[in-house]
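Good morning, colleagues. Please look at the structure on the screen as I take you through its contacts.

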Amino acid sequence: MNLVLYWAASFALLCFVLGMACGTVRLVRGPTAQDRVLALDAIYINGMLVALAFGVRSGTPVYFDVALLIALFGFVGATAMAKFLLRGEVIEP
Amino acid sequence: MSADIPLWAGIPASILLVAGGLLALVGSAGLLRFNNFFCRIHAPTLGHTMGAGCVLVASILVFSALQQRPVVQEILITLLLFISSPVTAMLLMRAAVYRGRRQRGESYPAATPPGASNRQTDL
């Protein structure tokens with residue numbers, strides 16, 4: 001059973017890394033700035049899923065904290081950049 | 001992995017991991033292939049909701065079976081994602097509408113005073 005789970009997690013890892021590659025191509029090519037922010041959003045979600053799948057694959061619960069931190073800071077970064085595109089300023093008086 | 005994982009947790013976790021991987025991949029491929037920002041913003045939400053949900057449930061199953069007690073801390077990430085992902089999508093969408101209007105040289109509503117409704121009905 002462990003072997004099946006190991007290979008399933010490895011397959012999921014491969015899918016997430018391919019998704020991150022798609023996001024990177026969109027980040028480089030994206031015609032407008034909001035496309036790039038959207039690509040960054042997709043990349044950080046995929047990175048968080050990579051951390052989670054790696055935790056399942058190795059059986060250690062340490063990677064959960066990594067995933068939680070990536071989710072928190074990725075949300076802050078993406079929201080700050082979207083706010084900057086919207087108003088030209090992140091924190092308004 | 002050190003301990004052996006029982007069958008009741010291993011099989012659903014494997015299926016959920018494969019499904020989550022495929023969903024996230026489809027979402028990211030949509031991000032790459034659509035040709036318009038307003039189409040593109042729909043695609044990654046598939047990976048943000050279903051993909052992340054599948055992987056988080058698989059993680060809950062595996063760690064509950066490994067540690068032989070219910071491990072539900074992954075619900076934290078699920079809650080955080082389900083709150084934060086629509087906020088980011090809404091802000092990005094409004095930014096795209098605003099910048100598109102400004103690029104076309106159309107007038108756009110100025111900053112509304114607090115308390116006033118700033119709903120934009122027409123795209």
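I shall speak about the interface, then a helix pair, and then the nonpolar core. Please bear in mind throughout that this is a predicted model.

Let me begin with the two chains. In chain A, 45 residues are in contact with 50 residues of chain B. On the side of chain A that touches chain B, helix H1 (2–29), helix H2 (33–58) and helix H3 (63–87) each supply at least two residues. H1(A) gives the largest share, with 15 residues. By residue type, this side of chain A divides into 32 nonpolar, nine polar and four charged.

I turn now to chain B. How do helix H1 (residues 7–33) and helix H3 (residues 44–67) of chain B cross? Their axes come within 8 Å and cross at roughly 160°. An angle over 145 degrees counts as roughly antiparallel, and H1(B) and H3(B) are therefore roughly antiparallel to each other. Their crossing is left-handed. The residues of this contact comprise 20 nonpolar, six polar and no charged.

Finally, the core. The largest nonpolar core has 56 residues. Which residues have the most contacts inside it? They are Leu49(A) and Ala53(A), together with Leu17(B), Val55(B), Ala58(B) and Val62(B). H1, H2 and H3 of chain A, and H1, H3 and helix H4 (74–103) of chain B, each supply at least two residues of this core. H2(A) provides the largest share, 13 residues.

Leu49(A) deserves a moment by itself. Leaving aside residues up to four places away in sequence, Leu49(A) touches Phe16(A) as well as Ala24(B), Gly51(B), Ala52(B) and Val55(B).

Technical notes:
Residues are numbered from 1 along each chain as its sequence is written. Chains are lettered from A and ligands numbered from 1 in the order in which they are written. This is a predicted model: local features need pLDDT of at least 70, side-chain atom pairs count only at pLDDT 80 or more; totals for chains, interfaces and linings use all residues. Two residues are in contact if their C-beta atoms, placed from the backbone, lie within 7 Å. Helices (H or I, at least four residues) and strands (E, at least two) are DSSP runs, numbered from the N terminus. Ala, Val, Leu, Ile, Met, Phe, Trp, Tyr, Cys and Pro count as nonpolar, Asp, Glu, Lys and Arg as charged, and the others, Gly among them, as polar. Axes are lines fitted to C-alpha atoms, for helices over the stretch in contact, and angles run from 0 to 180 degrees between N-to-C directions. Angles under 35 degrees count as roughly parallel, over 145 as roughly antiparallel, 65 to 115 as roughly perpendicular and the rest as oblique. A crossing is left-handed if the near helix is turned anticlockwise from the far one by less than a right angle, and right-handed if clockwise. A nonpolar core is a set of buried Ala, Val, Leu, Ile, Met, Phe, Trp, Tyr and Cys residues joined through C-beta atoms within 7 Å. A residue is buried if 20 or more other C-beta atoms lie within 10 Å of its own, exposed if 12 or fewer, and partly exposed in between; C-beta atoms are placed from the backbone.
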